[in-house]
Amino acid sequence: MDKITNKYERRGAALLPVLHALQDKEGLISPEAEKDVAEYLGIPVVHVHEVVSFYHLFHQEKLGKCHLSVCQTTACALRGSEDIIRYIEQKLNIKPGEITPDGKFSFDVVECLGACEMAPVMRCNKDYKGPLDKKKIDELIKGA
Amino acid sequence: MEKIVSRHFGQENSHRLEHYLKDGGYVSARKALTQMTPAAVIEEIKRSNLRGLGGAGFPTGTKWGFIPQGNPKPKYLVINADEGEPGTFKDKYIMEQDPHALLEGIIITCFAINSHKAYVYVRGEYIKSMKILQEAIDEAHSKGYLGKGIFGTNFDIEVVVHPGAGAYICGEETALLSSLEGGKGFPRLKPPFPAVVGLFESPTVINNVETIACVGPIINRGAAWFAQLGSEKNGGNRLFCVSGHVNKPGVYELPNGITLREIIYEHAGGILQARKLKAVIPGGISAPVLTADQLDVKMDFDSLKAIGSMAGSGGIIVMDETTDMVWAALVAARFFALESCGQCSPCREGSGWVYRQIKRIYEGQGRLHDLNNLPGIVNNIGGNTICAFGDAVTMSVGSYVSKFRSEFEAKIKG
Amino acid sequence: MPNVSIDGKQIEVPAGTTIIQAAEKLGIEIPRYCYHPALPVAGNCRICMVEIEKQPKLQIACYTPVSEGMVVKTNSPKVIEVRKSVLEFLLVNHPVDCPVCDQAGECKLQDYYMEHGQYDSRLDNVKVKKEKKAFPIGPTIMLDQERCILCTRCVRFTDNISKTHEFGVFDRGDHSQVDVYPGKQLDNNYSGNVADICPVGALTDRDFRFKCRVWYLSQTKSVCPGCSMGCNTTVEWDKMRPHQFKKARVMRLKPRLNEEVNSFWMCDKGRYNYHFIDENRIHHPQLKDGLVSWEKAIDMVAENLKALQAAKHTGAIGVLASAQLTNEDLFVIRKFFKENLPGASVDFKLAEVPGESDDFLMKADKNPNTAGASLILESNTGAAAILQKAKQGDLDVLYVFGHDLVKLYGKETVGLIAQKVKLFIYQGSNINETCSYAHLNLPSSVYAEKEGTFTNCQQRVQRIWPALAPLGESKGDWEIISQLSNKLDAPLAYKSSQEIFKDLAATIPAFAGMSYEKLSDKGMLLK
């Protein structure tokens, strides 16, 4: 952690990379983690929680082993993201924001991922996948 | 047309230092640091007519000139790699396929503004970009192009890659600073401007990835060369991102003076299934939508402003005749409602309200007075907010309502 | 010093003054939610936008500094339109539950809407649901996230003033919610202030909840008697409907702005300690075996004092005055006991344990007038000597002003004193254990029923005004002594506390030149 904070002129500026590192390690950001980070960086814990609640990449609940973030903004919407979203709902039997009972998949709709040339696009955990079609979704679900 | 910023795209191992060096890499940086003065560098960039390619189109050299050199505080360079504007994906290509071009530009820029620390704020989803960029930084360090006393001079420089965490508003320069300092992406009241009070209350230049990637070539081949490549006040080429209902979505480096029609039909392969074009967003979702009869506009900042839209981030999203424009407005309104930071009243409440109004109309639950009230509500947001996000809501969503009113009316009568 | 014109009126102000501040100096109140003079500027509500000549866009008045020759319009058609639109936006998700909201009548949403709002509502959409409605976030404050307009005054208060960092704004967009950290409570010594600064009914006072509609309240200026800080307050009371609230008159206390003393704030201990004004009061003069009339009571005391005076045995008089008394009360005590009955032992310093203090407003000395008592009574030997005399049986008369001796010294000591002293008088406002030991209880009024002055720890003399008439048969402390003096040789002829103060200022050098007029409602420092 100190390797991260040492790069910044002010300790508090390391908050986002520290939270990312924590989340990568533990899978989510727990209240205990918030308090630890607050103490480590010298920030009031309420402001750490503000940051965790503000940014969409930080989450306080466990996600599925494979978390699908499907883009719903204009370019992807024009290339069929709504169909993809409905298809995923159908195949996995969950709505955006939910997790499958076996914990394998969770999915959410997000805004532009910066990969419009591959529309419709989603992230599967950290990897970009696109252009998507029903066949690719089937493969992904089978493969997990 | 000679490619400048995208000259290495698609080449094998283009991101490696040895590849970059084979093609005259870091020659410009060495030239600037050993043969020029910071003031001369700024002057060169001014004369090149390079303008901010993140969206605002502000003259880059002028921005650098705002840094008060007499100010005792350290100066910072912040690279805006948040790339959140829907329709835009060019900076990703630069970071993943030509990171050293960015680094070389950073070195020259830092030298020009007397900064010894550069932060590259990359949107949190661009894991691959950050990894490749960090590797490039490590390579450059090992060769002495970054670190202490680079190129045999006594100029020190460090570059830090900093991740965002999923908030479009962090592309706004002062929200980016708030985020970089460890807070929520809340834009700040201006003045003071970042050039005077920026990162850690110190003078800061914030520039887009592509803008800085142009700096090396400009220093290498001269401002005049770059300036004459573009249109009158808009020098150089630009990376246009084309997406939507086109056959060949992708990044295209083209001159600034090219028309929208040429980009769509001669480079991006025209419309899918040879359909007719109905509408096109010329510069990211914040740009007012254009109709099919406006395709002959030149794609530079001034020409697009003149027809009531904006060149913005260069993100072109094409919509064909099958597109329901009320639905398109809904998608745009939903984007703004979800990405509003929530700090100021008009945008926070207005963006959500506008989205719900349009949703109601789209789902057939709207009445005529809902549609008649909509322009007034939309217009109350822009101009009254802390940052330009509010203006974007007004301009963007407003353009669908005004240019495709008949489609809205159809949903009400039908 | 730039010269600026606001709504046609000219004013010269120091450089750096914002438009909103300059306007205030001209008596023009520009509407504001997020702006508060004691908090850092946020600039997020946007309702203070004004038109500046030669500038195309409207600017927020709370943040924009004036410049030489600036011409500002705070009521032009453009400005009114923007204000209407901001108000409309703030109501989009607001529950408008005024009938059940305590803020009604002092709500800035209501006030500005009545002045500037758009009467034909176009708000007929579903409102965003927030999590917490009528949710206690601590012992003193109730949170209603639906009513919140996200001005962030509360966040800036707990970050910058109380520095306890309880509040934050979570999530984003129109799902933003003000809250305290999950699992934490709003539990600091200044929590009550957030209900003051919240412009709407999002943060309301639990003590005041549903008690009284604010338009029934009358306001009287006063000073908190809780400690030597002397925070300026307003006593808010309702005399219209005594059949409600179990005959309580005072509904709440609010801090009153005094830049030199407490700014806009007061501590919770002071704020919520007003119930004693109406509860648990001594209503009538009382002997051990029952009520007695004032006349009989005064006669009884006078008799004893006169006898001692005649016998030149005034040394058998012990007076335990109090730093809870006003300067006027103390001055009359001084004149009556020290000057007319020389030999009487008079002191006010009892063995009190210093209370809680902090580096903000709370002082360890829990008396409002220690400085005044020291100057007026002069003797500082402490009450120990007097109590010793009492225990030894050397006192005929022990006159105690308001001290709960049982609490300080224990039942045994007080029991002994009651035995040994011939006439043990307790003059106070509220019932405590000492009353049952005293031979004679004289009901005095509380500070909220008095006109007078206190001298705080800054050596500042501050006025208090009477909000209420003395409860029951109670009388002001100096009025009681005055009545007593009528029965002795040298009657004190003061007809008002103002007269007393005039005499006091002429007598005691530190108060020289002071008058009620000069003190006004901000106070003056002693010489």
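Predicted model: local features only at pLDDT ≥ 70, side-chain atom pairs only at ≥ 80, totals over all residues.
**Exercise 1. Describe the interface of chain A and chain B: how many residues are in contact, and how much area is buried?**

Step 1. Count the residues. Chain A contributes 35 residues, and these touch 57 residues of chain B.

Step 2. Take the area. About 3700 Å² is buried between chain A and chain B, with 59% of it on carbon and sulfur atoms.

Step 3. Find the leading residues on the chain A side. F54(A), L78(A) and E117(A) supply 18% of the area that chain A buries against chain B, more than any other three residues.

Step 4. Look for charge pairs. The rule finds 4 salt bridges across the interface of chain A and chain B. A salt bridge also joins the side chains of K117(B) and E9(A), at 3.0 Å from N to O.

**Exercise 2. State how α14(B) and α15(B) are oriented to each other, and which residues make the contact.**

Step 1. Two packed helices are described by the angle and the distance between their axes. For α14(B) (residues 325-339) and α15(B) (residues 345-362), the angle is about 155 degrees and the axes lie 8 Å apart.

Step 2. Apply the cut-off. Angles over 145 degrees count as roughly antiparallel, so α14(B) and α15(B) are roughly antiparallel to each other.

Step 3. List the residues. From α14(B) they include V326(B), W327(B), L330(B) and F336(B), and from α15(B) they include V354(B), Y355(B), I358(B) and Y362(B). By class, the contact has 11 nonpolar, 2 polar and 2 charged residues.

**Exercise 3. Describe the packing of α2(A) and α3(A).**

Step 1. Helix α2(A) (residues 15-26) and helix α3(A) (residues 31-41) pack at an angle of about 145 degrees, with their axes 11 Å apart.

Step 2. The crossing of α2(A) and α3(A) is right-handed.

Step 3. L15(A), V18(A), L19(A), L22(A) and E26(A) of α2(A) make contact with A33(A), V37(A) and L41(A) of α3(A).

Step 4. Sorted by class, the residues of this contact are 7 nonpolar, no polar and 1 charged.

Conventions: Residues numbered from 1 in each chain as written. Chains lettered and ligands numbered in written order. Heavy atoms only, no water. Axes fitted to C-alpha atoms, helices over the stretch in contact; angles between N-to-C directions. Helix = DSSP H or I, 4+ residues; strand = E, 2+ residues; numbered from the N terminus. Parallel < 35°, antiparallel > 145°, perpendicular 65-115°, else oblique. Contact = heavy atoms within 4.5 Å. Nonpolar A, V, L, I, M, F, W, Y, C, P; charged D, E, K, R; others polar. Left-handed = near helix turned anticlockwise from the far one by under 90°. Buried area = accessible area lost by both parts, 1.4 Å probe.
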